[in-house]
Amino acid sequence: MERQCLLRKADETEYIALYRDTQPGQNVYWHGFGEPPVLSFRAAFDDMEFNRQRQLQRKLVKGRFAGGNLGWVMAEDMELFACLYRKPLTRPTPQQSEVLTLIENAGPFNIQQLKEETGLLVKQITPILHRLQEAFLLYEDQYDGEWDRGWYRFAEMFPDVDTQRYSKTEALKILLQRFAYRTVWFDAAMAKAFYRVPEKEIRNAAASLVSEGILIPRESGYLLKSDEALLRDYAPRDIRSVYALHRNDFLYKIHEPALKQMARNLTDGLPYDCEPLQYLLIDGRFHGAAAGHFRYGPYDLNDIVCDLPDAENRREEILQAVLAENPGGQPKRFLGKDLSPQNNL
């Protein structure tokens, strides 16, 4: 919680360090189009506007990372992430070659212009662009929230980036050290869930860091050697807080498989829509979710499910945290009990 700036909110300097260590950054799940990435609850300032300015200044840049997902990384780290995630395109299709050659010779183009130049449909052009983006041959310049975005040669936008400077293992070793600092302890499954890299590759990179004396094995995972003495003498604080974390939050992502299973256990058999909308981080541990159905507008908040033993005693605190992240919404139930006014008289 301390390393995540959830006990004391970060100033701009600490925020930038936290963002660097938890890249690629993503938007709030089910966000409005064009919103910049945020680190919810961590900043002592409006980090959506802060990151909007960083996008505008191209200090945050867009790419396809972690299994093809869109994300934003700091411009100075584009090389590192390109080396980790680049999917070389050795045998392009004729249509891929046509689009790439067109942009190389006369770009930038937006999708509508590419449609006019090639005669291809948008539904044909879009996957071509995405594949060329995954190969780090093209770059989509999204520096604001507008729909009309240009596609450029990657090398034109990032002339100093060498996409082969690091091997995949070397890039992963750099990122795992940052990951270890912000998670304190991690195992290969957590790193796989976040980076979307095969677990075998993560274990190999971690083993190399262990041999170099940077990581040390602990139980079934790892921690930084530099944290060993700190943790030996560390006295945990009593934490009392409730956060409703969206599904692109760093802490959700690193625990995604376990949290999905927790939600299934808590909602199994419920007779109404109960997709997890946010997950409840209570006193530094995940204990439940706001469950319902996504809509463009206030979500359907059908239930608040929770396994906290004293959840009923903390009902108002939990409801306030959920309502803060669901403007205009109103939970229908808490632990399966109807919250309609006539049932609370």
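Select Phe65, Phe81, Tyr85, Phe136, Tyr139, Phe154 and Phe158: these residues form one aromatic cluster in this predicted model. Rings of Phe, Tyr and Trp (the six-membered ring of Trp) are paired if their centres lie within 6.5 Å; planes under 30 degrees apart count as stacked, over 60 as edge-to-face and the rest as tilted. The structure holds 21 aromatic pairs. For tyrosine 139 and phenylalanine 158, the ring centres are 5.0 Å apart and the planes stand at 85 degrees, so this pair is edge-to-face. The pair links distant parts of the chain, with the two residues 19 positions apart. Tyrosine 139 belongs to strand S3 (residues 138–141), whereas phenylalanine 158 sits in the loop between helix H7 (154–157) and helix H8 (168–183). Helices (H or I, at least four residues) and strands (E, at least two) are DSSP runs, numbered from the N terminus.

Colour these two residues by accessibility. Tyrosine 139 has a relative accessibility of 3% and counts as buried; phenylalanine 158, at 11%, is buried as well. Buried here means under 20% relative accessible area, exposed over 50%, and partly exposed in between (1.4 Å probe, protein chains only).

**Glutamate 134**

Next, select glutamate 134 in helix H6 (residues 122–134). Is glutamate 134 buried or exposed? At 14% relative accessibility, glutamate 134 counts as buried. Display its surroundings: leaving aside residues up to four places away in sequence, glutamate 134 touches Arg64, Gly68, Tyr85, Arg86 and Lys87. A contact requires heavy atoms within 4.5 Å. Tyr85, one of these partners, is also a member of the aromatic cluster.

**Backbone features**

Most residues other than glycine have a negative phi, and most peptide bonds are trans.

Begin with the bond between glutamine 23 and proline 24, which is cis with omega about 0 degrees. Proline 24 lies in the loop between helix H1 (12–21) and helix H2 (47–56). Proline 108 is placed in the loop between helix H4 (94–106) and helix H5 (111–118).

Turn to cysteine 5, in the segment before H1. Cysteine 5 is not a glycine, yet its phi is positive, near 60 degrees. With a relative accessibility of 4%, cysteine 5 counts as buried. Arginine 58 likewise has a positive phi, about 60 degrees, although it is not a glycine. Look for arginine 58 in the loop between H2 and strand S1 (60–65). Arginine 58 counts as partly exposed, at 35% relative accessibility.

Select proline 257 in helix H13 (residues 256–267). Proline 257 is exposed, with a relative accessible area of 53%. Draw a C-alpha to C-alpha distance from proline 257 to alanine 193: the two are 64 residues apart in sequence and 7.5 Å apart in space.

Proceed to alanine 229 in helix H11 (residues 228–232). Alanine 229 is partly exposed, its relative accessible area being 43%. How far apart in space are alanine 229 and glutamine 23, C-alpha to C-alpha? The distance is 27 Å, across a sequence separation of 206 residues.

**The whole chain**

Along its principal axes, the C-alpha trace spans about 70 × 55 × 40 Å.

Buried residues make up 48% of the 345 residues. Of the contacts between residues at least 6 apart in sequence, 60% join residues at least 24 apart.

Residues are numbered from 1 along each chain as its sequence is written. In this predicted model, local features need pLDDT of at least 70 and side-chain atom pairs count only at pLDDT 80 or more, while totals for chains, interfaces and linings use all residues; side-chain values use heavy atoms, without hydrogens and water.
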